[in-house]
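Hello,

I am passing on the structure we spoke about, followed by some notes on what was found in it. Please read the notes with the structure open.

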Amino acid sequence: MKSQALHMEIVARTFKQLWRSTSGFMLWNLGDHKVLFVFDNPTDMDRIIHNSPSGFNKQLVVLERYDKDILLRNLKF
């Protein structure tokens, strides 16, 4: 199976429309098909994590609250 490149502009535009965040968010491509979303509003973040879609562009989407004290490579999905 060929791996598709992650197009950050498309990801940002799509999730901005889906989530309708009141304060917005930033995102960083962390490689290995991982994206870090940073929300300005904790209420938005909680709502989005709870109601998030399970797929994007025919790929599984897993949202998890990130604790900055844990190394990203140690996260289990």
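Aromatic cluster and surface patch

F15, W19, F25, F37 and F39 are joined into a cluster by ring pairs. Please keep in mind that this is a predicted model.

Seven aromatic pairs are counted in total under the rule used here. In one of them, the ring centres of F25 and F37 lie 5.7 Å apart with their planes at 65 degrees, which makes the pair edge-to-face, because planes over 60 degrees apart count as such. This pair connects distant parts of the chain, as F25 sits in strand β1 and F37 in strand β2 (residues 34–39), twelve residues apart. F25 and F37 are both buried.

F25 also pairs with F39, and here the arrangement is tilted, with 5.7 Å from centre to centre and 50 degrees between the planes. Again distant parts of the chain are linked: F25 belongs to strand β1 and F39 to strand β2, 14 residues apart.

On burial, the cut-off is under 20% relative accessible area. F25 has a relative accessible area of 18%, so F25 is buried. F39 has a relative accessibility of 17% and therefore counts as buried too.

M26, W28 and L30 make a nonpolar surface patch of about 290 Å². Of these residues, W28 is located in strand β1, which covers residues 25–31.

Regards

Key. Residues numbered from 1 in each chain as written. Predicted model: local features only at pLDDT ≥ 70, side-chain atom pairs only at ≥ 80, totals over all residues. Heavy atoms only, no water. Patch = residues over 30% accessible without salt bridge, like charges linked within 9 Å, V, L, I, M, F, W, Y side chains within 5 Å. Areas by Shrake-Rupley, 256 points an atom, 1.4 Å probe, with all protein chains shown as cover. Salt bridge = Lys/Arg side-chain N within 4 Å of Asp/Glu carboxyl O. Helix = DSSP H or I, 4+ residues; strand = E, 2+ residues; numbered from the N terminus. Phe/Tyr/Trp six-rings, centres within 6.5 Å; stacked < 30°, edge-to-face > 60°. Buried < 20%, exposed > 50% of the residue type's maximum accessible area, 1.4 Å probe, protein only.
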